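Reader: I would like to learn how to read the surface and the core of a protein model, beginning with the surface, please.

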Amino acid sequence: MLRGFKNFLMRGDVIVVAIGLVTALAFSTLIKSFTDSVINPIIARLQGGKAVGLGWQLGQEGNSATYLNIGSFIGALIYFVIFMAVIYFLIVLPYKYTQARRGAEVFGEPGPVKTCPECLADDLPEAARKCRYCGSDQPRMDQPRME
């Protein structure tokens, strides 16, 4: 049992995913700090005056629980866009390049698909001989269907 667990953990894909996750978490902290310290004050300043942020007070003045903070939402959107760009350019593109050098295509366009005539699953690879959902035999694409 422990040998199987060890083999599972030592697979290359699991290691790559673990490293990617740790790297993503590190970048997440860095980007969160950037948006909180740089972007959010700029957005709050756009409100002008003595406002605590870009938004509206819905209830009693000074009650932060009833403050509709649009600036915080805009900051979160900016955080998300920056974070996804960092992940794409620093993790996904180098991984695609490395895998391409090994002869494997990752994150490519999906191949052609067909629909199972039995269960109507519409995401079967065109070359499939059996349906992955219902197990029915699939007609080959080069053979005419008998109906």
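Author: Accessible areas come from the Shrake-Rupley method with a 1.4 Å probe, and for residues only the protein chains shown count as cover. Here the protein chain exposes about 11600 Å², of which carbon and sulfur atoms supply 63%. This is a predicted model, in which local features need pLDDT of at least 70 and side-chain atom pairs count only at pLDDT 80 or more, whereas totals for chains, interfaces and linings use all residues. Residues are numbered from 1 along each chain as its sequence is written, and side-chain values use heavy atoms, with hydrogens and water left out.

Reader: What share of the 147 residues in the protein chain is buried?

Author: Buried means under 20% relative accessible area, exposed over 50%, and partly exposed in between (1.4 Å probe, protein chains only). In this protein chain, buried residues make up 18% of the 147 residues.

Reader: Which residues make up the largest nonpolar core?

Author: A nonpolar core is a set of buried Ala, Val, Leu, Ile, Met, Phe, Trp, Tyr and Cys residues joined through side-chain atoms within 4.5 Å. The largest one here has six residues, namely A24, I31, Y79, F83, V86 and I87. Helices α2 (12-47) and α3 (70-102) each supply at least two residues of this core, and the largest share, four residues, comes from α3. Helices (H or I, at least four residues) are DSSP runs, numbered from the N terminus.

Reader: Is F89 buried or exposed?

Author: F89 lies in helix α3, and it is called exposed because its relative accessible area is 52%.
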